[in-house]
Amino acid sequence: MMNKARTLLVSGKMMALVATAAVVGGTIALVNPAFAQTAQPQGQAQSGQQRPALTGEQMATMRHDMDTALHYKLAPDVLPRLTSTLKAIHAANIQPPGRLGMSLDEQVSMVEKVPGLPPILKANGFTPHDFVMSLTCVGLTGSLMNVQPGQANSQVPTPEAANVALLKAHPEDLQALITVLRAEQAPK
C-alpha cells in the first residue's frame, strides 16, 4: 500500500470533485468548498500546474453520473455508516490511485479491486456500488440542497427531496462525515 500523503479513497476524491460541481451554463462550477478536492490527479505535480481539462465525453459522463447519483435512494442510516467506513479505510491505510474524469462505474470497479477494502465495506453494510453511490449522492445532495432559488436554473441538477430531508434531519451525522472528509484532506 502506498504510504504517501493521505488521500481519500478514490470514490471519496471523486465525490469531492463531483460533489462540489454543478452544471451551470454548460460548464462545471464549484458550489460548496467544504467538499473541495485537494488531491492532484496521478502524474501531476503540486507546483501550481492546472489540471487537464475533461473531454466532452467525460463531461457528458459526469453530467449523467451526477443525475444518477442525485436520484440514488439513500438508506436512513447511511451517514454514520459512511463515517465509520471512511475511518476504517483510513485506519487500514488504504489509498488506491485515482484520476480525474473517472465515471461512477470506473470508481465502483476500482473499489472492488482494492485489497482489503471489500471486507471493510461489507462490515459497514455496503457493497462497492452502494458505497460509491452513497458517498457521491451525499456529497452532491449536500452541495446542492442549499442552492438558493434565484441561483438555480434549468442546468443546475435538483437533488432528490427524500435525500435532502434525510440530510437536513441529521445535521450532526452530516457534520461528522464532513469532518472525516476534511481530516483526510488535511496536509500531514
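Is phenylalanine 131 buried or exposed? At 0% relative accessibility, phenylalanine 131 counts as buried in this predicted model.

**View 1. The aromatic pair of phenylalanine 126 and phenylalanine 131.** One aromatic pair is counted here. Arginine 81 lies over the face of phenylalanine 126, and its distance from the ring centre is 4.3 Å.

**View 2. Helix H2, residues 56–70.** The end C-alpha atoms of H2 are 21 Å apart, which agrees with the 21 Å that its 15 residues should span at 1.5 Å a residue. Met59, Met62, Asp65, Met66, Ala69 and Leu70 are the buried residues of H2. These buried residues fall within an arc of 125 degrees seen down the axis of H2, so they line one face of the helix. Gly56, Glu57 and His64 are exposed on the other side of H2.

**View 3. The largest nonpolar core, with 38 residues.** Val78, Leu82, Leu86, Phe131 and Val138 touch the most other members of this core. Helices that each supply at least two residues include H2, H3 (78–91), H4 (104–113) and H8 (171–185). H6 gives the most, with eight residues.

**View 4. Surroundings of leucine 86.** With neighbours within four places in sequence left aside, leucine 86 is in contact with Phe131, Leu135, Leu177, Val180 and Leu181. Leu86 is also among the core residues that touch the most other members, as is Phe131.

Conventions
Residues are numbered from 1 along each chain as its sequence is written. This is a predicted model: local features need pLDDT of at least 70, side-chain atom pairs count only at pLDDT 80 or more; totals for chains, interfaces and linings use all residues. Side-chain values use heavy atoms; hydrogens and water are left out. Rings of Phe, Tyr and Trp (its six-membered ring) pair if their centres lie within 6.5 Å; planes under 30 degrees apart count as stacked, over 60 as edge-to-face and the rest as tilted. Buried means under 20% relative accessible area, exposed over 50%, partly exposed in between (1.4 Å probe, protein chains only). A charge sits over a ring if NZ of Lys or CZ of Arg is within 6 Å of the ring centre and within 35 degrees of the ring normal. Helices (H or I, at least four residues) and strands (E, at least two) are DSSP runs, numbered from the N terminus. The expected span of a helix is 1.5 Å times one less than its number of residues. The arc is that of the directions from the helix axis to the C-beta atoms. A nonpolar core is a set of buried Ala, Val, Leu, Ile, Met, Phe, Trp, Tyr and Cys residues joined through side-chain atoms within 4.5 Å. Contact means heavy atoms within 4.5 Å.
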